[in-house]
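Good morning, and thank you for joining. I would like to take you through one structure today, and I ask that you keep it in view while I speak.

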Amino acid sequence: METLRYVLKRVLQMIPVLIVSAIAIFLLMRLLPGDAALATLGDKIDPEVYAALREEMGLNQSLWTQFTVWVFALAQGDLGTSVIYKIPVAGLVASRMQVTVLLAVVAVVMTVVIALPLGYLAGAKKGKLPDVVVRLLALLGLAAPSFWVGLMLLIVFGVRLAIFPTSGWGKTMGEHFWSLILPGFTLAFASIAVIIRNVRSNVVEVRNADYVSFGRSKGLSAWAISTGYILRNALIPTTTLLSMRIIGMLSGSVVIENIFGLPGIGSLLVQAVTGRDYAVVQACVLVFVIITLVVNLLTDILYTTLDHRIKLGGNEA
Amino acid sequence: MSADASTARGLKMPEKGKAKAKGKGVPIWRRSPSLVIGAVIVLATCVVAAFPSLFTSQDPLALNPKEMLLPPSPQHLFGTDNFGYDVFTRVIYATRLDLLIGVASAGMPFLVGSALGLVCGYYGGKFDAFMMRVLDVFMAFPFMVLAIAIVAILGNGVTNLIIAMWVVSWPPYTRLVRAEVLIAKGSEYVQAARTLGYSDLKIMFRHILPNVISSSIVYLASDIVMCIMSAATLSFLGLGVPSPTPEWGAIISGGKGFISTAWWISALPGLVMVVVGLGFSLLGDGLNDLLRTRD
C-alpha cells in the first residue's frame, strides 16, 4: 500500500517535468535555423511550392497555435508525420525503439556480468596484484573515448577477423543479438570501469564492518559471508550508479548506433536533426526524456527493496 | 576583526590537523603516486599544447597528395591520411584546441554551478525549490541528446561547442555543492560565524566555500576529460569543430571510412586521447585522496 502510494506520488511529480521538457523541446526545434519545409525541398526551391508546403505544415501559424496543435495531437497519441520518411512518427519511433532498447539491455547485462566479479575481486584482494591490475584496467576504461573503442573493435573483430558484421543488424533475432555484441560491449565499456571502481570501494568499506566480523565469528562459510553480507550491502550504492549509467548509455547509443550503422532511435535523432524533421526530433527527445524519468523511478523503488533502512518518501531534498 | 576570523577558523582546525598528521613526513609521491603520475602527464600535455612546433617539424595543414594513406614510419610516426596530412603532426597541433575546449567547457560550469549550489543550499526556500526543479528538467535530458540539439541550433564551431557543454554540464556541480552546504550549514564553525555577526556573503564565501569546494574540484578533474571526450564525440559526429582544423575527434572521424585499409588514422590518435584522459583521471584520484580525509 505504502509502495503504491509512493509510486503514484512519484508518477504525478513526473508530469510537470514532462510538460516543461515538452515545451523546451518544442521551442528548441523552432529555434533551429532553416525550417522543415526548406529541408524537405532540398536544393531545388520553387517559391510557390515552398509557400504551399509551409502552409501545409502549419509553419505560417503562430508559435502558440503550432504548440497547441502538437500537444492536442500528442494527447491523442498522434506524434505527427515524418517529412523525411513520409510515415507516421509513432510507428517509426516504435520500430527504432526496439533496436535501442535491445542494445541497452545487452550493454547493461555485459556491465553487470563483467564489472561485479572484477570489482568484488579487486575489493576483496585490496592492495594485491588482482586489485592493481583491475584498477589499472578500470582507469584505462575511463580514459578511452567510446567512439574510438567502437572503431577499434570494428577494425579488429569486424574487418580483420571478420567475426561480427561491420554494419546493420540483420533480419532474424539471432542475427540481431550477434550484431549487437560489439556495439553492446562498446556501450558497456565506460560503465564497466565506473562500476568496477564503485563496487571495489564499497566492498573495501563493507568488508571490515562489524556485522561482517560478527558473521565470521558465527562460523558462516566464506561464500555466505561474501554473498549475503558483503555483496548485498556493497551493491546498494552501485544500484543508483548503474541507473545513472543506463541514462548515460542513452547518450552513448546516439554515437554508437552511428558507428555500427544500427537503425536505432539515436541514429534516427541525428538524422532528423540534420534533416530538420521536427516531428521526429520532438518524438525522439520526448522518448529519451520519458525513459530517463522511468529509469530514475525504478531505481528509487529498487533502492528501497534492497535497503530496508530507507523509508519510502521519507526525506526528499 | 582578524582575531574574530582566526577564532572562526580555529573551529575548523581539527579537520586540517588530521590531514597534516596523516601525511606527516611522507613524501608526496609515496602518499599519492597517482597524483604525481597524473600531474606529470597533464603537465606534459600542457607543454605540447603550448609549444607544438617543438615536437614536430611538419605543418598540420600541409596537403601532400604524393604521400596519401602511408602506414606509420619514422617520417610519419602515425602515418598519413587520405589527404596526405601527417596524422602525428595534426594530433600534436590539436592538443591545444582540445585542452582549451576541455578547460573552457568545464571551467564555467564549475564556477557558475558551484556558486549556484552554494546559494541554493545556504538560503534554501523558494529559489532553491525552483532551481531544483530546473535541475530536474536538465537532468531529464540525456547529456548527448541535449548537446546535439544545442549544436544543431547554434551551428558548428568551437565557440558553439563550448556553449553546448556549458548548458549540459553545470547540474552536477550545483548538486554536489548544495548537498555539502546543507551539511555544513549546521556545523559549529558556521554557527560561530553567525553568532559573531558576519554577513551572509562572508559566511558563504569565506567560511563555507573553502570547506565544501573540494568535491567540486575533484569532479572538475574528471569533468575536463569528459568535456574533451564529449566535444570530440560531437566532432566525430560531424557536429563540432569543422574540418580541416585539427581536433582529436575530427581526426579519428576522418579515419572512419578507412578502417579496412588505413587503421592508423583512427587508432593512434585515440591512443593519445587515452593517455591524456588517464592523466586527468589519475590527477582527480590523487586530489581525491589528498583533499578528502574521509578514508
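Predicted model: local features only at pLDDT ≥ 70, side-chain atom pairs only at ≥ 80, totals over all residues.

Which residues of α8(B) are buried? They are Leu161(B), Ile162(B), Ala164(B), Met165(B), Val168(B) and Ser169(B). These residues lie on the same side of α8(B), because the arc they cover around the axis is only 155°.

Let me now turn to chain A. Chain A has 12 helices and zero strands. Its C-alpha trace spans about 85 × 55 × 35 Å along the principal axes. Of the 317 residues in chain A, 36% are buried. Among contacts in chain A with a separation of 6 or more, 71% are between residues 24 or more positions apart.

Helix α7 (residues 146-160) and helix α8 (residues 173-207) of chain A pack at an angle of about 145°, and their axes are 9 Å apart. The crossing of α7(A) and α8(A) is right-handed. On the α7(A) side, the contact is made by Ser146(A), Val149(A), Gly150(A), Leu153(A), Leu154(A), Phe157(A) and Gly158(A). From α8(A) come Leu182(A), Pro183(A), Phe185(A), Thr186(A), Phe189(A) and Ala190(A). By class, the residues of this contact of α7(A) with α8(A) are nine nonpolar, four polar and no charged.

Finally, I come to the contact between the chains. How many residues does each chain contribute? Chain A gives 35 residues and chain B gives 32 residues. On the side of chain A that touches chain B, the elements that give two or more residues are α1 (2-31), α6 (129-143), α7, α10 (222-260), α11 (265-274) and α12 (278-306) of chain A. Which of these gives the most? It is α7(A), with seven residues. The residues on this side of chain A divide into 31 nonpolar, four polar and no charged.

Note on methods:
Residues numbered from 1 in each chain as written. Chains lettered and ligands numbered in written order. Buried ≥ 20, exposed ≤ 12 C-beta atoms within 10 Å, placed from the backbone. Helix = DSSP H or I, 4+ residues; strand = E, 2+ residues; numbered from the N terminus. Arc of directions from axis to C-beta. Axes fitted to C-alpha atoms, helices over the stretch in contact; angles between N-to-C directions. Left-handed = near helix turned anticlockwise from the far one by under 90°. Contact = placed C-beta atoms within 7 Å. Nonpolar A, V, L, I, M, F, W, Y, C, P; charged D, E, K, R; others polar.
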